[in-house]
Amino acid sequence: MTAAIPTPSTVDARLLGEVLRGAGFAGASVRGFRAEAIGTGQLGTCIRYTLELEGTGPNAPRSLVGKFPSENETSRATGVALGLYRKEVEFYRTLAPRLKISIPRCYFAAIDGRGPEFALFLEDMAPARPGDQIAGCSPEVARAAALELVGLHAPTWNDASLRAHDWVIESPGTTRALYTQLFPKFLERYGRSLAPEQVAILGRVAESSGPPFDLPEEPFSIVHVDFRLDNLLIDATRTPPRVTVVDWQSFVIGAPLSDLAYLLGASLLPAARRPVEREIVRAYHERLLEAGVRGYPFERCWTDYRRGSFAGFAVAVIASMIVQETERGNEMFLAMASRHAQHALDLEAEEFLVKCTP
C-alpha cells in the first residue's frame with residue numbers, strides 16, 4: 001500500500017486494487033469503479049466504491065465503503081481534539097478481533113497521528129441500510145440491536161487490561177465541563193421545542209455530579225457511546241433483522257447498560273418503548289449470562305439500565321453544539337434530546353442525580 005493516506009480525491013483503481021490485495025485477495029485488480037456518497041455522518045465522509053474486477057476469485061468483494069474525515073472544518077477540528085478519528089482506526093486495528101458484535105470487516109486502516117488525515121476501507125454491508133434516527137424503529141429492530149450489544153460488552157466485561165490503551169480512556173470531568181459550558185447554547189437553539197419537564201431534567205443534569213458523568217466503578221466494559229439507529233446497518237430481509245454496528249469513533253470504558261438505555265431511549269418512540277423495554281432488557285440480560293457473565297442479577301441490571309437513561313443527554317447537548325449545524329442535524333438532535341429526557345422521566349431516574357456542591 002502506498003505511504004500517503006488516501007483521500008476521496010486520490011482514490012483510484014490502482015489504490016483500490018492494492019487495498020484488496022493487502023486484505024488477502026491475491027491477484028485482485030480493479031479495472032474501474034463508481035463512487036457515491038452514502039450516510040449522514042456529522043464527523044466523517046463515507047463513500048461506496050462499486051468495483052469492476054478482474055483476476056480475482058469469487059470471494060473478492062465487488063464493493064467497498066471508504067471512510068474519511070468530514071469536509072467541514074468545525075467537524076474535522078472536533079474529530080482531532082476529542083481523539084475520535086484515532087479511536088475509530090484503533091478500534092479496527094486492535095479491539096475488533098476480540099469482539100463478537102457484528103461489525104464490517106476492515107480491509108485497510110491508517111491515520112496520521114490524531115488526524116484529521118485518516119482512511120478506512122470497510123466491508124459493504126448492502127443490502128443493509130442505516131436506520132433513521134428521526135423516524136425511529138420497530139421493537140423487533142431494537143431487540144435485535146440490543147442482543148448485538150452482548151457481543152461488545154461480554155468479551156470486555158470488567159477487563160482491567162483495557163485501561164492500558166490511552167485511546168480508550170475518557171475523562172468524565174471533561175464531559176461534565178463541556179455539558180455545563182454548552183447547555184445554555186443548546187437551550188437557546190432547542191429549548192422552545194422541548195416540553196418544560198424535559199428542559200427541567202436536562203438542566204438538572206447540568207447541575208448534577210451523578211450520571212451520566214459519575215457512575216459506579218463496576219461493571220464496566222467497552223461501550224459504543226453513540227449506539228443509535230444512524231450508526232446501525234439493518235438488513236430487514238432477515239428474520240429477526242440483522243444489525244451491523246458502525247461509527248466506532250466515540251467508544252470508551254463505561255457502564256454497559258448505558259449503551260442499552262441509549263439505544264432504546266433514542267431509537268424507539270416513547271409510546272412504542274414503554275410496553276417492550278423491560279422484556280428487551282431481560283432478553284439482553286439472559287444473553288449476557290449465556291455469554292459467561294456472572295454475579296450480575298437482573299435487579300442490578302434493571303437499576304443500571306434506569307441510571308443509564310441519562311447517557312444520551314451528553315451526546316444530544318454536546319455533539320449538537322460542536323459539529324456542523326444542518327437542518328437534518330437539528331431535527332435529529334432535538335428528537336434525541338426529547339426522547340432521552342422523556343425516557344429518564346418515565347423511569348423516574350431523577351433519584352440518581354446528585355446536585356453539585358458549591
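User: Which residues do ring pairs link into a cluster?

Analyst: This is a predicted model, in which local features need pLDDT of at least 70 and side-chain atom pairs count only at pLDDT 80 or more, while totals for chains, interfaces and linings use all residues. Residues are numbered from 1 along each chain as its sequence is written, and side-chain values use heavy atoms, with hydrogens and water left out. Rings of Phe, Tyr and Trp (its six-membered ring) pair if their centres lie within 6.5 Å; planes under 30 degrees apart count as stacked, over 60 as edge-to-face and the rest as tilted. Ring pairs of this kind join into a cluster the residues F33, Y49, F68, F108 and F121.

User: How many aromatic pairs does the structure hold, and what is the geometry of F68 and F121?

Analyst: The count of aromatic pairs in the structure is 18. For F68 and F121, the ring centres are 6.0 Å apart and the planes stand at 85 degrees, so the pair is edge-to-face.

User: Where in the chain do F68 and F121 lie, and how many residues apart are they?

Analyst: Strands (E, at least two residues) and helices (H or I, at least four) are DSSP runs, numbered from the N terminus. F68 belongs to strand β3 (residues 63-69) and F121 to strand β5 (residues 118-123), and the pair links distant parts of the chain, with a separation of 53 residues.

User: Is F68 buried or exposed, and what is the relative accessible area of F121?

Analyst: Buried means under 20% relative accessible area, exposed over 50%, and partly exposed in between (1.4 Å probe, protein chains only). F68 has a value of 1% and is therefore buried. F121 is buried as well, with a relative accessible area of 0%.

User: What kind of aromatic pair do F91 and W248 form?

Analyst: F91 is in helix α3 (residues 84-95) and W248 is in the loop between β9 (242-245) and β10 (252-254), 157 residues apart. F91 is buried at 0% relative accessibility, and W248 is buried at 0% too. Their rings are 4.2 Å centre to centre with 5 degrees between the planes, and the pair is stacked.

User: Are α4 and α7 roughly parallel or antiparallel to each other?

Analyst: Axes are lines fitted to C-alpha atoms, for helices over the stretch in contact, and angles run from 0 to 180 degrees between N-to-C directions. Angles under 35 degrees count as roughly parallel, over 145 as roughly antiparallel, 65 to 115 as roughly perpendicular and the rest as oblique. Helix α4 (residues 139-153) and helix α7 (residues 256-267) pack at about 160 degrees, with their axes 10 Å apart. The two helices are therefore roughly antiparallel.

User: Which residues of α4 and α7 meet, and how do they divide by class?

Analyst: Contact means heavy atoms within 4.5 Å. A142, A145, A146, L149, L152 and H153 in α4 meet P256, D259, L260, L263 and L264 in α7. Ala, Val, Leu, Ile, Met, Phe, Trp, Tyr, Cys and Pro count as nonpolar, Asp, Glu, Lys and Arg as charged, and the others, Gly among them, as polar. The residues of this contact divide into nine nonpolar, one polar and one charged.

User: Is the crossing of α11 and α12 left-handed or right-handed?

Analyst: The axes of helix α11 (residues 311-322) and helix α12 (residues 327-346) come within 9 Å and cross at roughly 155 degrees. A crossing is left-handed if the near helix is turned anticlockwise from the far one by less than a right angle, and right-handed if clockwise. The crossing of α11 and α12 is left-handed.

User: How are α6 and α12 oriented to each other?

Analyst: Helix α6 (residues 196-206) and α12 have their axes 9 Å apart, at an angle of about 85 degrees. The helices are therefore roughly perpendicular.

User: Which residues of α1 are buried?

Analyst: Helix α1 (residues 13-22) is mostly covered, with seven of its ten residues buried. The cover includes β1 (29-38), β2 (44-54), β3, β4 (106-111) and β5. The buried residues are A13, L15, L16, G17, E18, V19 and L20.

User: Is E71 buried or exposed?

Analyst: E71 lies in the loop between β3 and α2. Leaving aside neighbours within four places in sequence, E71 is in contact with T45 and R76. At 70% relative accessibility, E71 counts as exposed.
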